[in-house]
Amino acid sequence: GILRTNGFSRGASSSSSTLLLCPVLARLNHSCSPNCQQSWDEESGQEKLYAMTKIQPGEELCITYCDLREPRDKRREVLRAKYGFLCSCPACCHTDIETSDARRTEIARLQENLAAAQPADGVEMAKRVLQLLDDEGVPDLMLRGLACTEAVRHCETLSDPQQARSWAEKAYDFFSKARGPTSEIAQDAKALAKVERTKSEAS
């Protein structure tokens with residue numbers, strides 16, 4: 001129905017059972033390399049839209065309706081089943097779809113295994129996630145922020161407060177742009193960066 005196809009999940013989890021109907025945001029089209037992300041702001045009681053990259057005058061604002069880390073055929077399958085259209089965004093019309101699929105699949109695999117990785121390996125995996133997102137042209141700042149947060153944990157284990165601080169500051173930058181600087185996830189990253197700054201200055 002209208003709510004199922006046009007509603008947004010309230011809160012950080014995309015699986016939230018509470019849906020919001022936002023008439024303006026619901027008009028945004030899908031892209032597998034979107035230039036915007038939406039987020040619920042509990043304090044203001046609003047669903048807000050954030051730019052993920054520099055947007056040119058006249059450029060269409062797009063969000064994503066699916067998991068961007070899935071290969072094209074899986075994304076198209078989900079989009080057709082839930083929304084009734086065949087995605088023909090630039091990412092789905094990539095001239096080298098095998099390479100594109102391989103990058104997105106690797107991003108998903110790395111993120112799935114990042115937390116449990118050995119510390120030194122985990123830091124390199126986080127770097128790889130950021131590089132793959134850049135190579136694939138996916139400006140998803142939440143995925144970047146989450147990778148940076150895991151890198152902080154690994155640097156803490158390695159007793160490297162300077163690198164932990166650097167990763168925490170990156171996480172805050174990504175989260176503040178993706179969810180707003182006053183969002184809980186951004187404030188948590190900011191506090192973490194402050195802790196790591198104190199450690200690095202004391203070392």
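The model is predicted, so local features are described only at pLDDT of at least 70 and side-chain atom pairs only at pLDDT 80 or more, while totals for chains, interfaces and linings use all residues. Residues are numbered from 1 along each chain as its sequence is written, and side-chain values use heavy atoms, with hydrogens and water left out.

**Helix α6**

Begin by selecting residues 161-179, which form helix α6; helices here are DSSP runs of H or I with at least four residues, strands are E runs with at least two, and both are numbered from the N terminus. The end C-alpha atoms of α6 are 26 Å apart, which agrees with the 27 Å that its 19 residues should span at 1.5 Å a residue, the expected span being 1.5 Å times one less than the number of residues. Next colour its buried residues, including P161, A164, A168 and F174, where buried means under 20% relative accessible area, exposed over 50% and partly exposed in between, with a 1.4 Å probe and protein chains only. These buried residues of α6 pack against β4, β5, α4, α5 and α7. Just after the helix, G180 takes a positive phi of about 95°.

**W167 and the core**

Now select W167, which touches V123, L130, C148 and C155, among them, leaving aside residues up to four places away in sequence; contact means heavy atoms within 4.5 Å. W167 and C32 have the most contacts inside the largest nonpolar core, which has 41 residues. Such a core is a set of buried Ala, Val, Leu, Ile, Met, Phe, Trp, Tyr and Cys residues joined through side-chain atoms within 4.5 Å.

Move to residues 36-41 and 46-51, which are β4 and β5. The two strands run antiparallel and are joined by six bridges, and S39 stands opposite K48 in β5. Five of the six residues of β4 are buried, so β4 is largely enclosed by the rest of the structure.

**An aromatic cluster**

Finally, show Y65, Y83 and F85, which ring pairs link into a cluster; rings of Phe, Tyr and Trp (its six-membered ring) pair if their centres lie within 6.5 Å, and planes under 30 degrees apart count as stacked, over 60 as edge-to-face and the rest as tilted. The structure holds three aromatic pairs, one of which, Y65 with F85, is edge-to-face at 6.2 Å centre to centre with 80° between the planes.

How values were computed: Two strands pair if DSSP finds at least two bridges between them.
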